[in-house]
2 protein chains.
Amino acid sequence: MKENSVGLTTTQYFKINASLALDNHENLEEVTIAYETYGKLNSQRNNTILICHALSGDAHAAGFHAGANKPGWWEIMVGPGKAIDTNKYFVICSNILGSCMGTTGPSSIDKQTGKPYGLRFPVITISDMVKSQKALLDHLEIPILLAVIGGSIGGMQTLEWSIRYPELVFSAVPLATTQRHSALAIAFNEVARQSIMADPNWQNGDYYQSKKPDLGLAVARMIGHITYLSDEAMRNKFGRRLQDKKDFSFNFDADFQVESYLRYQGKKFVERFDANSFLYITKAADYFDLSRQPVDSSDSLTFARARAKYLVVSFTSDWLYPTRESKAMVKAMKKNNLDVSFCEIAAPWGHDAFLLKNERLETLLGGFLSRMSQELKDAF
Amino acid sequence: MKENSVGLTTTQYFKINASLALDNHENLEEVTIAYETYGKLNSQRNNTILICHALSGDAHAAGFHAGANKPGWWEIMVGPGKAIDTNKYFVICSNILGSCMGTTGPSSIDKQTGKPYGLRFPVITISDMVKSQKALLDHLEIPILLAVIGGSIGGMQTLEWSIRYPELVFSAVPLATTQRHSALAIAFNEVARQSIMADPNWQNGDYYQSKKPDLGLAVARMIGHITYLSDEAMRNKFGRRLQDKKDFSFNFDADFQVESYLRYQGKKFVERFDANSFLYITKAADYFDLSRQPVDSSDSLTFARARAKYLVVSFTSDWLYPTRESKAMVKAMKKNNLDVSFCEIAAPWGHDAFLLKNERLETLLGGFLSRMSQELKDAF
């Protein structure tokens, strides 16, 4: 275990007392939220940072679980002396609603039937995820968030936080994300969902007592991985290099390293993730449109209620949520006279860049949080 | 039937007398080539244009089959007075080896077993496709090709023709293609293949007597369609418009038009295409590297033997075979002092642009062919 780590961490669980009013007009009962915290809440209760994770993430953002040799998913960013400095800030990360990493989702037991929800789980939205996180913050008696930070689908939650609870969000850092899921992003998600639903083991979502739709989920994940990398990243990382061979196999084995990589990613993913959760979370992302309009529309009113100070970050090679989309949200923020910093970081690794070691991002984020911390103190 | 059409056409079949020596060192016996011809071969036998089709195309490039109300796949380009003018040129289009539209492929009967080949069909290359086309040209007693023209995988065949049979190819027009399949392109093909092979109906390729792997093939085609369009094309064509609805369904139906479009394309495709052919043709594309190197290498020697005059065309929004890759081949051609014209056409429709009505492309191609026709006459 490294010295600049938060060290041993454990996931905690909070059961929401009330039922959760969802965007589809249903109420969800018995919602449990899995979460972790790092650092200490100060006496003014104004040093809390909420981290929102992406599609397949979990509450375990930093440190090490007992017996594990792999740290949390954002260890490079969260810890003592790091950009999200746990010596200064009280950091919360919770597993999103609809997931399968401790928070209630389609694989959870529906108390009404005693069986896993499957497709009886309601179709949720990014906004529903944020509402459930708000219940957790109420439970922890957090009156204000110094910052909400997240990349990709975590960035959508970050944006949603800032317009749903403007009085609670002092600053927001949406990374590698969009204010509105594009046709291309929807297309990729839909094909991935179709792959899962085409697997006969999927059985309309009721597979928890039998074989799981592993093959369909693996293909879905492979599609995802193409979108997380970029053309440039694939050229640099794989090119046309062959896998353990001097020549083509002339069969349907994986000849190229990029094929082996994708097969491995697909295979590894099915060991840890639930296919129905994949369906629900991607659908929530597809529904996401901060302007609340079912069709494309003007963005001028989107941030009318927002009060947060924003740091918006995009990455040059991210073709899932390209810089153009970050610029559009920055423009909409500025129209509402909001305090916005924007940075496009040159990085060849595609959409995944926000998860990888990047000094530019660390410096930028660390500096922004210091400034926000001071400004929040000065404000009261 | 329109006046500027070649009118009624029929597909013809030619059985190659000799066995075909393949790149995998096997010999393929009993190869039949399906082909169509339009226009008339002149007395000098120097007005032949060979059209090479893309992944799911066929020999029926122009005109109408008896009883059909839909013309061939390149009707906009091929006919009397059109860019590929059948009043002037003798046009040949043949179905590629490995396909399922009349030419021998994995769904054909293997004479040795009396059953369809399935995976016993040898893994073929773009070069093998070209060798089989050469046998057809020998049969038709064509001594020289005024031009070879093709887009996408048809463009790969076009390039291959020009370096495999340099003395036979007076000019070559590779459209929306690459001299070497990229990691990104391989990745998309591999995920599509995995989707087919994950379908339990696929049965290791032996499904011809039972249910076909329709669901897997449909997802494979949906993946393909994402690559044929572009981010820009999807935004223009679909955006976030909903399908027959005023609000979200909050279930896993197709909410967005882009979802319905992809589902429809997948469903339509399985009615006309063989899943094993999809595997074989995409593998041939992945193996394609005109430099004959299994790994990335310098391109300076690639066109050393070529003698053709080239017209290379790329499209601004093609992100499967981006302009960068066309420019790389143009550079390699120029290094060998070849006569090259290059044009990047502004078109928002992505990779599919070469199949769509485009006056710029028609003018460019028509002019190039007229010039080539004159130069070939002057050359002898």
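Trainee: Which strands does helix 1 of chain A lie across?

Mentor: First, a caution: this is a predicted model. Helix 1 of chain A, residues 126-139, lies across strand 1, strand 4 (32-38), strand 5 (48-52) and strand 8 (90-94) of chain A. The helix runs at about 55 degrees to strand 4 of chain A.

Trainee: And helix 2 of chain A, what does that touch?

Mentor: Helix 2 of chain A covers residues 153-164 and packs on the sheet. It touches strand 5, strand 11 (147-151) and strand 12 of chain A. Its direction makes about 150 degrees with that of strand 11 of chain A.

Trainee: What is the strand order in the chain A sheet?

Mentor: The order is 1-4-8-5-11-12-13-14. That is eight strands in an open sheet, with mixed pairing. Strand 1 (12-15) and strand 14 (340-345) of chain A are the edges, each pairing on one side only. From one strand to the next, the twist averages 20 degrees.

Trainee: Take strands 12 and 13 of chain A. Parallel or antiparallel?

Mentor: Parallel, over three bridges. Strand 12 of chain A is residues 171-175, and strand 13 of chain A is residues 309-315. For a specific pair, A:S171 has A:K309 as its bridge partner in strand 13 of chain A.

Trainee: Switching to chain B. What order do the strands take there?

Mentor: In chain B, eight strands form an open sheet in the order 1-4-8-5-11-12-13-14, and the pairing is mixed. The edge strands of chain B are strand 1 (12-15) and strand 14 (340-345). Neighbouring strands are turned by 20 degrees against each other on average, direction ignored.

Trainee: How many bridges join strands 5 and 8 of chain B?

Mentor: Four, in the parallel sense. Strand 5 of chain B spans residues 48-52 and strand 8 of chain B spans residues 90-94. B:I51 has B:C93 as its bridge partner in strand 8 of chain B.

Trainee: Where does helix 1 of chain B sit?

Mentor: Across strand 1, strand 4 (32-38), strand 5 and strand 8 of chain B. It makes about 55 degrees with strand 4 of chain B.

Trainee: Now the dimension I care about: what rotation superposes chain A on chain B?

Mentor: 180 degrees, with 0.0 Å of shift along the axis and an RMSD of 0.0 Å. The two copies are therefore related as by a two-fold rotation axis.

Trainee: How many residues does each chain put into the contact?

Mentor: Chain A gives 47 residues and chain B gives 47 residues. Helices 3 (183-198), 4, 5 (231-237), 6 (257-270) and 7 (275-287) of chain A each give two or more residues to the chain A side. Helix 3 of chain A gives the most, with 11 residues. By type, the chain A side divides into 27 nonpolar, seven polar and 13 charged.

Trainee: Why say the copies meet through the same surface?

Mentor: Because 100% of the interface residues of chain A are also interface residues in chain B.

Trainee: How do helix 4 of chain A and helix 3 of chain B cross?

Mentor: At roughly 170 degrees, with the axes coming within 9 Å. An angle over 145 degrees counts as roughly antiparallel, so helix 4 of chain A is roughly antiparallel to helix 3 of chain B. Among the residues in contact are A:L215, A:V219 and A:I226 from helix 4 of chain A, and B:F188, B:V191 and B:Q194 from helix 3 of chain B. The contact residues divide into nine nonpolar, three polar and no charged.

Trainee: Last topic. Which domains are assigned in chain A?

Mentor: Domain 1 is 12-181 + 296-379, and domain 2 is 186-283. Their C-alpha centres lie 26 Å apart. In chain A, 25 residues of domain 1 are in contact with 19 residues of domain 2. The domain 1 side of that contact has 14 nonpolar, 10 polar and one charged.

How values were computed:
Residues numbered from 1 in each chain as written. Chains lettered and ligands numbered in written order. Predicted model: local features only at pLDDT ≥ 70, side-chain atom pairs only at ≥ 80, totals over all residues. Axes fitted to C-alpha atoms, helices over the stretch in contact; angles between N-to-C directions. Parallel < 35°, antiparallel > 145°, perpendicular 65-115°, else oblique. Contact = placed C-beta atoms within 7 Å. Nonpolar A, V, L, I, M, F, W, Y, C, P; charged D, E, K, R; others polar. Pairing = 2+ DSSP bridges. Least-squares fit on C-alpha atoms with pLDDT ≥ 70 in both. Domains from an automatic or database assignment.
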